[in-house]
Amino acid sequence: MNMQSDFPAVPPPGCPAHGSGKRVPLYGTEFAADPGAYYTYMRSYGPAAPVELSPGVEATLVTDYSAALQLLQNPDTFRKDSRRWRDYNEGKVSRDNPVVPLLEYRPNCMFTDGAEHMRLRQAVTDSLARVDAHRLSRHVERVSEYLMDQFLARGSADLLNDYAKLLPLFVFNELFGCPAEIGDRVIFGISGIFDGINAEKANEVLGQSVAELVQLKRKQPGEDVTSWLMQHHAQLNDEEMVHQLVLLLGSGAEPQRNLIANALLLLLSDERYSGAGLLVEDAIDDVLWNSPPMANYAPHYPVSDVDFAGTRLRAGDLVLVSIAAANTDPALSASRQQLSKRAHLAWSAGPHACPAKDTAQLIGVVAIEKLLNKLPDIEIAVPESSLTWRPGPFNRGLTALPARFTPIRTDKQPVTRQEIPTGDHRAHAQNKQERGGLWSSFLTWWRA
């Protein structure tokens, strides 16, 4: 990440804002290839810059660390309820815009304020606090072993799509108590939404499958996060249950996969990690500071017209925090060594700080250590400069991470991956023995 203090006066090459006075676009391959150059340019606007999240979706992006903290810790001035989003309410942003699913209002603890937010968040934090760290660690190890068994004999793997992407989905299915036929559709739904593959159908499948999980746990509670949420004194109704679960499953899986993959890239490419001394935890902290999985997010809306960070904001303007830019704010360069290792904003801050950071950290450390211990000679199979990053305004994630290693023979045969059918889920339930999905395959492997 560029840490220089002399900012260029023009946008980076290829930026459509170049010389036009237009908003800086946070989409397209140019931004994905070198976001650091864009953040450096945006600092020339001051603590906040005018951006475009996708064609026609305007926002203000806070790039200054101090200003970001001020926004995140000031719920009286900035609210999370996206029903305040003026451009959306006025029809300037259509519902089918690709960024809307991650911005539109849902009755969960991310998009609520005040007492309602506290009630929903307390249910989430209390339920996550009941997760046993040793049990979780063991399950991550089991999932890791299963995923590695699919490629050990090959001597090569895509560490993103064969490992980092799938591991969180499998782990969360266990945490939330998903049986095979529901878990398969949860995986399909989350993958489709974030990969943009048949996203509308994927969103429908995810909603239906989570609603079925809620109904199942009403009848058959267990030792899982879904049941604990249901039993909480906040007394969440079925609709609230569905939306908390969609939030936890979706917002957990996508950043988690990027955290694992980005840390693996760092560990396998940075000479600082080639010798003894630095640990996996250090690499994860490095990623959270310099390549955070959610690079730009934390949407907020001013309650009224306000002057903030040198910018005049109108009530209902969409304001986001650039976690990546704030973490690498040149003003921090002299004091970063004195800051706490966890002073980065990758987990956000204030009343809406991530409630699952300890769980996410544990999953990442165990998944990476298990892989590196099993494959000590693993290396990236292509030049680092040839790796590509997924376009989009919010995430910092690779499209693939090819790696090679000495092949290892395994007693268990790889399970053929089959996606679940996208048609009627009852047909899937009747034919799951012939056409099992990813979660079913893992359960079959584990019970073998």
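**Close-up views of a predicted model**

A search of the whole structure, a predicted model, finds 0 disulfides.

View 1. A disulfide is a covalent bond between the sulfur atoms of two cysteines. For cysteine 354, the closest cysteine sulfur belongs to cysteine 109. The two sulfurs are 9.6 Å apart, too far for a bond. The cut-off is 2.5 Å. Cysteine 354 is partly exposed, because its relative accessibility is 28%.

**View 2. Cysteine 178 is buried.** Its relative accessible area is 7%. Buried means under 20%, so cysteine 178 falls in that class.

**View 3. Helices α12 and α15 pack at an angle of about 45°.** Two packed helices are described by the angle between their axes and the distance between the axes. Helix α12 covers residues 238–269, and helix α15 covers residues 357–374. Their axes lie 10 Å apart. The angle makes α12 oblique to α15. The crossing of α12 past α15 is right-handed.

**View 4. Residues of α12 and α15 form the helix contact.** From α12 come Gln256, Leu259, Ile260, Ala263, Leu264, Leu267 and Leu268. From α15 come Ala360, Ile363, Gly364, Ala367, Ile368, Leu371 and Leu372. Sorted by class, the contact of α12 with α15 holds 12 nonpolar and 2 polar residues. It has no charged residues.

**View 5. Asparagine 97 is a buried loop residue.** The loop runs between α4 (86–89) and α5 (114–129). Asparagine 97 has 10% relative accessibility and therefore counts as buried. Leaving aside residues up to four places away in sequence, asparagine 97 touches Ser54, Pro55 and Val57.

**View 6. Glutamine 235 has a positive phi.** The value is near 55°, in a residue other than glycine. Glutamine 235 sits in the loop between α11 (225–231) and α12. This is the α12 that packs with α15. With 67% relative accessibility, glutamine 235 counts as exposed. The class applies because 67% is over 50%.

**View 7. Alanine 309 also has a positive phi.** Here phi is near 50°, again in a residue other than glycine. Alanine 309 lies in the loop between β7 (306–308) and β8 (311–313). Its relative accessible area is 22%, so alanine 309 is partly exposed.

Technical notes:
Residues are numbered from 1 along each chain as its sequence is written. This is a predicted model: local features need pLDDT of at least 70, side-chain atom pairs count only at pLDDT 80 or more; totals for chains, interfaces and linings use all residues. Side-chain values use heavy atoms; hydrogens and water are left out. Axes are lines fitted to C-alpha atoms, for helices over the stretch in contact, and angles run from 0 to 180 degrees between N-to-C directions. Helices (H or I, at least four residues) and strands (E, at least two) are DSSP runs, numbered from the N terminus. Angles under 35 degrees count as roughly parallel, over 145 as roughly antiparallel, 65 to 115 as roughly perpendicular and the rest as oblique. A crossing is left-handed if the near helix is turned anticlockwise from the far one by less than a right angle, and right-handed if clockwise. Contact means heavy atoms within 4.5 Å. Ala, Val, Leu, Ile, Met, Phe, Trp, Tyr, Cys and Pro count as nonpolar, Asp, Glu, Lys and Arg as charged, and the others, Gly among them, as polar. Buried means under 20% relative accessible area, exposed over 50%, partly exposed in between (1.4 Å probe, protein chains only).
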